[in-house]
Amino acid sequence: MKALSQKRRHPLAAVVLLAIALIITGGLYAVATASNQAQAASSTTYTASDIEEGQKLFVSNCATCHGLNAEGTVDGPSLVGVGAAAVDFQVGTGRMPMQMQGTQAQVKPRQFNDEQTHQLAAYVASLGAGPTVPEDEHLDVTKGDAANGAKVFLANCAMCHNAAGAGGALTRGKWAPTLMGVSEKHIYEAMETGPQNMPVFNDANITPEEKRDVITYLKAQEVNESPGGFKLGSLGPVSEGLLIWTLGLGIVIAFTIWLTSRSA
């Protein structure tokens with residue numbers, strides 16, 4: 001009996017095992033977090049000064065909605081892990097800071113210059129790994145294939161942005177903006193980050209080369225002439241049908257008035 005009693009577990013054994021498990025779990029989490037931060041830092045060329053100045057700009061202009069540490073509030077989502085590309089797109093196009101609450105952020109004259117946008121992106125990128133600002137190689141349309149870009153665009157984007165990239169209406173007062181006149185960098189960043197109603201097209205969905213092809217196609221559309229005459233904004237059969245009905249009915253009414261005036 002004495003030998004059996006010596007082999008029994010100590011009452012505190014379960015507590016000790018639980019403590020060991022918590023220590024191991026905490027250690028693994030710390031290693032993963034450090035790796036995540038290292039990845040965010042190594043994927044950018046931001047300096048400590050950029051991050052510091054970006055934090056000042058963030059606290060002064062963005063923290064009201066996104067929280068002092070970008071953790072998010074009821075008025076704005078968390079920005080931890082969204083990456084530099086999301087900031088560069090939203091701030092660079094003037095969508096952020098928002099002018100007013102609405103169904104979606106509207107394009108307007110931007111509030112920050114290139115350097116300040118770079119600093120804001122640096123600060124948000126330091127909070128966690130995310131999509132980075134694209135390299136010039138992925139934006140060079142001279143290396144792109146417009147024909148392949150048209151195929152990718154029609155398969156993934158045309159249902160919202162129109163086959164010609166002219167934009168279109170969505171549900172509940174939202175809309176897909178026109179892509180004409182948008183810079184190559186902002187088009188690429190939109191595909192990478194999926195702003196607002198747009199889905200995210202990461203490199204597994206659309207490769208960097210295909211993204212470049214899509215941009216090449218859209219830039220070709222900007223200078224493409226319409227062999228059929230007036231394009232009516234490239235908005236498709238709705239606008240064309242409306243013009244035909246309006247013009248046709250107008251001609252019929254004018255012709256009717258002319259006939260009745262002659263008979264009188």
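**View 1. Crossing of helices α3 and α6.** In this predicted model, the axes (lines fitted to C-alpha atoms over the stretch in contact, with angles from 0 to 180 degrees between N-to-C directions) of helix α3 (residues 48-61) and helix α6 (residues 114-126) come within 7 Å and cross at roughly 95°. The two helices, α3 and α6, are therefore roughly perpendicular (65 to 115 degrees). Contact (heavy atoms within 4.5 Å) involves Asp50, Ile51, Glu53, Gly54, Gln55, Leu57 and Phe58 of α3, together with Gln116, His118, Gln119, Leu120, Ala122, Tyr123 and Ser126 of α6. These residues comprise 6 nonpolar, 6 polar and 2 charged. Residues are numbered from 1 along each chain; local features need pLDDT of at least 70, side-chain atom pairs count only at pLDDT 80 or more, and totals for chains, interfaces and linings use all residues, while side-chain values use heavy atoms, without hydrogens and water.

**View 2. The largest pocket.** A pocket is an open set of points on a 1 Å grid where a 1.4 Å probe fits, with protein on both sides within 12 Å along at least five of seven lines; lining residues have an atom within 4 Å of a point. The largest pocket holds about 790 Å³ of space. Its lining has 34 residues, and His66, Pro77, Leu79, Gln90 and Met96 lie nearest the centre. Helix α5 supplies the largest share of this lining, 5 residues.

**View 3. The second largest pocket.** The volume of the second largest pocket is about 490 Å³. Among its 31 lining residues, His161, Pro177, Leu179, Ala190 and Met198 are closest to the centre. Helix α9 gives the most to this lining, with 4 residues.

Key
Parallel < 35°, antiparallel > 145°, perpendicular 65-115°, else oblique. Nonpolar A, V, L, I, M, F, W, Y, C, P; charged D, E, K, R; others polar. Points joined across faces, edges and corners; volume = space filled by probe spheres on them.
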